[in-house]
Amino acid sequence: MGCCVSTSSQSTCSSGSHGEPQAVSATCFEIGFRGTKRTSRTISDHVIALQNLPSVPNRIFANGKSQTSCIFTQQGRKGINQDAMIVWEDFMSEGVTFCGVFDGHGPQGHLVARKVRDALPLKLLSSMHSYQSRQHESRGSCFKGNSKKSDGRDSEKDGFAEDRLIFSWREAFMKTYKAMDKELRSHPNLDCFCSGSTAVTIVKQGPNLFMGYIGDSRAIMGSKDSNGSMVAIQLTVDLKPDLPREAERIRKCKGRVFAMQDEPEVPRVWLPFDDAPGLAMARAFGDFCLKEYGVISIPEFSHRLLTERDQFIVLASDGVWDVLSNEEVVEIVSSAPTRLSAARALVDAAAHEWKLKYPTSKMDDCAVVCLFLDGKMDSESDYEEQEFSSATLQSNHSGNAVESDDGQKSKPYSPGNFTVRTSEECDSYGRVVPAEFEGNAGTVSTEDQNWSGLEGVTRVNSLVQLPRFSEERPNP
């Protein structure tokens, strides 16, 4: 298993058994290695893994299941499936899980999403290794909290350990997202000028949940309340252009935010000097035509301490959230016949809602990751698993171009005519300018937590393809 990026199982970092929360202090920064020699060997594994990602153990990215999760994606009716997803168990040490959903848009969106799916986890892993290496050099040993609180000093040390852990992951997510966008900008065969991707990514390390996200893909959690009833908890915020703090930033950068007359529910980002490209999100990888005008790739980061009441986490692209509420998603997943079928059941439910609510609309792509926090999956027969895998894998790849991140074999498609409208295309853009926002660029507020930028309206995420240019349009 030389291609495996995950480190040795001999790590002394205790993350606990699946679904059994421990004190935060029991989770140290050790990532399965001690000393410079072990660090070098692990980082060299990155090169091997980057070339052989499909063979990396405990990493799934096509329809199916792992030891603790199931994933499923289905192509919509807008063209090639631009969604990508991944679950990587034993991500950097035993018991640590990485999950992500990526929704591409634009002519190269499917390639961008897949590139991010493959490269971003490795960059995050490298960032954490770098952090651990610096800590080892400066302190001479791995920082560990003491799970036995004997006095006030131990309690203070535990709090310090928690703060250090959160800080390390925050810095890793920030650094990783920045590096990912930088790589896309300089990629020799991927044109990301008018193409990009969302990202919602989580890392589960023992009882700790770390989240980084951009765009409008979403993560929620199914949890039990004090009465034992299932409730939905939204973990991320849909970063739409009309979110007040996002709109304020975009306008300060001279970008414009407004909705077209024939789809007033869909605020978009436009260049200051042209009615293009009409991006329906405020943050994304790629989309470099708008990066100088307020669209950023800096992720929102958050941390949550899991409890015994928390049952599962669902990550999904907006094809699901456009037609299903958080509560409906939790109900579907919790009532699925088997855990193995939960992700597929959710996509099937979304497809049904698309047909029921918008029979004349083009269904969006859907991608779902269901992570069960107790670490258990169903015991299915080999025949049932084989039937599920073969059927869904065929559905996943039907009609798709050859998967590649260099764009040489895959044929990009033009999304310009796929916006679903109730009337004919207009010759000019009618503008519905939202009311003035009282922007606040601070942290996510309580009012933002359940912000839904779209109430079931079908649309593409980017309307207009632009020619490559370097200067603004001169004034007449």
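## Contacts of Ile 313

Ile 313 touches Ile 202, Leu 209, Ile 220, Met 221, Leu 235, Val 369, Cys 370, Leu 371 and Leu 373, leaving aside residues up to four places away in sequence. This is a predicted model. Ile 313 sits in strand E16, which spans residues 310–316.

Is Ile 313 buried or exposed? Ile 313 has a relative accessible area of 0%, so it counts as buried. Gly 222 lies 91 residues from Ile 313 in sequence. In space, their C-alpha atoms are 6.3 Å apart.

## The sheet around E16

Strand E16 belongs to an open sheet of 6 strands. The order is E2-E3-E17-E16-E9-E10, with antiparallel pairing. Strand E2 (64–65) and strand E10 (230–234) are the edges, and each pairs on one side only.

Strand E3 (residues 69–74) and strand E17 (residues 366–372) pair over 6 bridges, in the antiparallel sense. Ile 71 stands opposite Val 369 of E17. Val 369 is also one of the residues that Ile 313 touches.

Helix H6 (residues 326–334) lies across E9 (218–224), E10, E16 and E17. H6 runs at about 130 degrees to E10.

## Nonpolar cores

The largest nonpolar core has 37 residues. Which of its members touch the most others? They are Trp 169, Leu 184 and Phe 285. Six elements each supply at least two residues of this core: strand E4 (83–89), strand E5 (96–105), helix H2 (109–139), helix H3 (152–186), strand E7 (199–205) and strand E8 (208–214). H2 gives the largest share, 10 residues.

In soluble globular proteins, nonpolar side chains tend to be buried together.

## Aromatic pairs

The whole structure holds 12 aromatic pairs. Ring pairs join Trp 169, Phe 173, Tyr 177, Phe 210, Phe 285 and Phe 301 into a cluster. Two of these residues, Trp 169 and Phe 285, are also among the members with the most contacts in the 37-residue core.

## The whole protein

The protein contains 8 helices and 18 strands. Of its 476 residues, 56% count as buried.

Among contacts with a separation of 6 or more, 75% join residues 24 or more positions apart. The pair of Ile 313 and Gly 222, 91 residues apart in sequence, shows such a separation.

Key. Residues are numbered from 1 along each chain as its sequence is written. This is a predicted model: local features need pLDDT of at least 70, side-chain atom pairs count only at pLDDT 80 or more; totals for chains, interfaces and linings use all residues. Side-chain values use heavy atoms; hydrogens and water are left out. Helices (H or I, at least four residues) and strands (E, at least two) are DSSP runs, numbered from the N terminus. Buried means under 20% relative accessible area, exposed over 50%, partly exposed in between (1.4 Å probe, protein chains only). Contact means heavy atoms within 4.5 Å. Rings of Phe, Tyr and Trp (its six-membered ring) pair if their centres lie within 6.5 Å; planes under 30 degrees apart count as stacked, over 60 as edge-to-face and the rest as tilted. A nonpolar core is a set of buried Ala, Val, Leu, Ile, Met, Phe, Trp, Tyr and Cys residues joined through side-chain atoms within 4.5 Å. Two strands pair if DSSP finds at least two bridges between them. Axes are lines fitted to C-alpha atoms, for helices over the stretch in contact, and angles run from 0 to 180 degrees between N-to-C directions.
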